[in-house]
Every structure is written in structure tokens, then in C-alpha cells.
Amino acid sequence: MTMRTRTLGTTGPQVSALGLGCMGMSALYGEADRAESIATLRAALEAGVTLLDTGDFYGMGHNEMLIGEALRAAPAARREQALVSVKFGALRGPDGSWLGYDGRPAAVKNFAAHSLQRLGVDHIDVYRIARLDPDVPIEETVGAIAELVEAGYVRHIGLSEVGADTIRRAAATAPISDLQIEYSLISRGIENEILPTTRELGIAITAYGVLSRGLISGHFTADRQLGAGDFRAMSPRFQGDNLRHNLNLVEALRKIAEQKGVSVAQIAIAWVLSRGEDIVPLVGARRRDRLTEALGALDVTLDSSDLAAIEEAVPPGAAAGDRYPAAQMAHLES
């Protein structure tokens with residue numbers, strides 16, 4: 001496997017062609033093995049993965065401290081190559097409840113100060129609000145990040161889960177490197193308006209959920225019991241008839257993967273990679289074996305017949321169920 005690189009838009013840094021989404025090491029997918037999480041982070045850095053994605057609210061700071069620990073233990077060369085992307089703004093209660101989003105300029109700088117401390121770094125490479133604060137114009141939030149860029153605490157400005165109008169307003173305020181948004185074979189909503197807008201403006205996509213939280217990884221089964229605290233237990237796509245329908249899509253994809261001698265996860269990730277050089281998939285591996293499998297997607301080449309077969313097996317809009325519960329869908333722009 002040779003690690004390729006891609007660039008986060010016209011204003012952002014060069015990063016590895018696959019990034020590592022670290023959320024599952026701290027939150028929303030049940031218990032995680034701390035030692036294995038650290039080992040996976042180290043393995044990713046050694047394999048040439050440079051983009052590490054986190055949020056200051058993942059495990060209420062736990063995820064940032066985990067990444068900070070891994071970076072401190074990494075060889076100097078790998079540590080210097082690492083680029084950390086941080087989402088902020090989500091408000092949590094002590095019981096883990098979600099209390100909304102805060103994009104006020106003072107809050108932006110406060111969140112950044114805490115993240116810098118937890119990560120043990122002097123700057124954040126890409127900084128973005130996790131969801132739009134409906135009470136604060138995006139110009140004010142992005143303007144505050146731009147002030148952090150000017151002061152040297154942040155290198156690049158990103159966005160997360162916003163629509164085309166907000167993207168344009170943000171880009172008119174300050175240079176935007178990338179939009180982080182869900183994109184996979186079964187989550188293709190960005191193709192209609194958002195992706196054309198980012199491409200017009202020279203903004204990259206960092207695509208999360210490329211395996212739809214494990215649903216299209218080839219490893220999820222209908223009889224799997226989800227533990228306490230696992231987000232998927234409330235996710236519409238993992239419920240009842242929806243789950244059975246979606247796993248039938250996976251089996252159709254498995255036939256194509258087997259013909260190519262690759263895994264379902266690898267072909268699903270390779271499909272996202274094939275959608276354009278301006279798209280950087282984030283893989284949510286929590287274990288070294290899953291990381292190794294994901295990195296294998298870099299060696300998968302999909303020709304026109306492969307892509308046609310994938311399109312027939314999993315056409316746009318084929319998934320059953322929304323990608324989030326209704327209450328969380330209300331915070332997303334389209």
C-alpha cells in the first residue's frame with residue numbers, strides 16, 4: 001500500500017488520501033479499548049495517515065486527550081506530519097445529553113483554548129463548528145475562527161454539515177478549506193447541490209460515514225446486539241425492516257467485492273475515493289485490523305464496469321431510513 005495524498009481545497013493543506021475519524025474511540029459506539037485505540041492511532045501515523053479528525057465534545061474531551069497522548073508518543077517525523085481537524089460548538093450535559101450548539105465568537109475562542117490544552121499542541125490545523133448555530137450568523141462564527149487563524153492558533157477554516165447557501169456566505173467571509181459531511185454509497189444527498197457548490201468555490205470534502213457507521217462494512221449482521229451508549233441503537237437505518245433492507249444492499253455489494261477479490265468495506269471506501277480528488281474519506285477504525293482493511297482500499301481500482309455494477313447494486317436513494325434520528329436531522333442543512 002502506497003499512501004497517496006490529496007489537498008483540502010484551494011486554501012487547505014495537503015493530507016493523506018484517507019483520514020482517520022477518531023470519534024468511536026471515545027463516544028457513541030459503546031465501550032472502546034483505550035490501549036487498542038492508542039495502538040490504532042500509532043499504526044495510522046506509521047502507515048502515513050496524516051489527517052486525524054475529532055470533536056471537542058467526543059467523550060467530553062476524552063478524544064482530544066487520546067489523540068494528544070498518541071501524538072506525544074509518536075516519532076517526531078510522524079508527529080510533525082499529523083494534521084488535526086477539530087469540530088466544536090456542541091453543548092453537552094453531565095449526563096451526556098445534547099443541549100444545542102454555540103457559535104458565538106467568544107465561545108469559539110473559548111472552545112479553541114480548551115482544545116489546544118487537551119491536544120497538547122500550539123495550533124489546530126482545521127477548525128470548524130460541528131453544526132450551524134441557528135442563533136448566530138455563520139459570518140460571525142467563521143469570522144471568529146479567522147481571527148484565530150490570524151493569531152496563529154488555527155491554520156485552516158472548515159465547515160460541517162451545512163447547505164449551499166451557508167457555504168457561500170462562509171466563503172465570502174474567509175477562505176474555507178473543506179466541508180465535512182456524510183457521504184457514502186447510501187448517503188449521496190450532497191451530489192445534488194452541495195458538491196457542485198463546493199467545487200465551484202474550490203472547497204474540498206472530508207467525507208465521514210463512508211461505511212455508514214459500519215452498516216455497509218460487510219461486518220454488521222441483523223442479529224447483532226448493540227451495547228448501551230451505542231448510537232446505532234437509535235439510528236433509523238439500523239431498525240427492523242430498514243436494517244434488513246439495507247443489509248440486502250450490502251449483500252449485493254458483496255458479490256461485486258468478491259469478484260474483485262476485495263472486502264465489502266474496501267469497495268465501499270474505494271467508491272468514495274473514486275468520486276473525485278477533492279474528496280478525502282474519513283475511516284472510523286477503532287482497531288488495527290479494521291484500519292488495515294480500510295487502508296487496503298487505496299489499492300483498489302474501480303473501472304467503468306465496476307462503477308456501473310456498484311451503481312446498479314446500490315443506486316442513489318436505495319437506503320431505508322434517515323441517517324440520523326428526527327431530532328438530529330433537524331440540525332442539518334440540505
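Student: What covers the buried residues of H2?

Tutor: This is a predicted model. In it, the cover over the buried residues of H2 includes helix H1 (34-46), strand E4 (51-55), helix H3 (76-81), strand E5 (83-88) and helix H4 (105-119).

Student: And which residues of H2 are buried?

Tutor: They are Asn63, Glu64, Leu66, Ile67, Gly68, Ala70 and Leu71.

Student: How many residues does H2 have, and what does it reach from its first C-alpha to its last?

Tutor: Helix H2 covers residues 62-73, which is twelve residues. Its reach between those end C-alpha atoms is 17 Å, close to the 16 Å expected at 1.5 Å a residue.

Student: Let us take H4 next. At what angle do the axes of H2 and H4 cross?

Tutor: They cross at roughly 40°, and the two axes come within 7 Å. H2 is therefore oblique to H4.

Student: Which residues make that contact?

Tutor: From H2 the contributors are Glu64, Met65, Ile67, Gly68 and Arg72, while H4 supplies Ser115, Arg118 and Leu119.

Student: How do the residues of the contact divide into nonpolar, polar and charged?

Tutor: For H2 with H4, three are nonpolar, two are polar and three are charged.

Student: Changing topic: in what order do the strands of the barrel close?

Tutor: Eight strands form the barrel, in the order E3-E4-E5-E8-E9-E10-E11-E12, with parallel pairing. From one strand to the next, the twist averages 30°.

Student: Over how many bridges do E3 and E4 pair, and how many join E4 to E5?

Tutor: Strand E3 (residues 19-21) pairs with E4 in the parallel sense over two bridges. E4 and E5 also run parallel, joined by five bridges.

Student: What stands opposite Asp53, and which residue is its bridge partner in E5?

Tutor: Gly21 stands opposite Asp53, and in E5 the bridge partner of Asp53 is Ser85. Asp53 is itself among the buried residues of E4.

Student: One more pair: in which sense do E8 and E9 run, and what is the partner of Tyr127?

Tutor: Strand E8 (residues 124-129) and strand E9 (residues 154-160) pair in the parallel sense, over three bridges. The bridge partner of Tyr127 in E9 is Ile157.

Conventions
Residues numbered from 1 in each chain as written. Predicted model: local features only at pLDDT ≥ 70, side-chain atom pairs only at ≥ 80, totals over all residues. Heavy atoms only, no water. Helix = DSSP H or I, 4+ residues; strand = E, 2+ residues; numbered from the N terminus. Expected span 1.5 Å × (residues − 1). Buried < 20%, exposed > 50% of the residue type's maximum accessible area, 1.4 Å probe, protein only. Contact = heavy atoms within 4.5 Å. Axes fitted to C-alpha atoms, helices over the stretch in contact; angles between N-to-C directions. Parallel < 35°, antiparallel > 145°, perpendicular 65-115°, else oblique. Nonpolar A, V, L, I, M, F, W, Y, C, P; charged D, E, K, R; others polar. Pairing = 2+ DSSP bridges.
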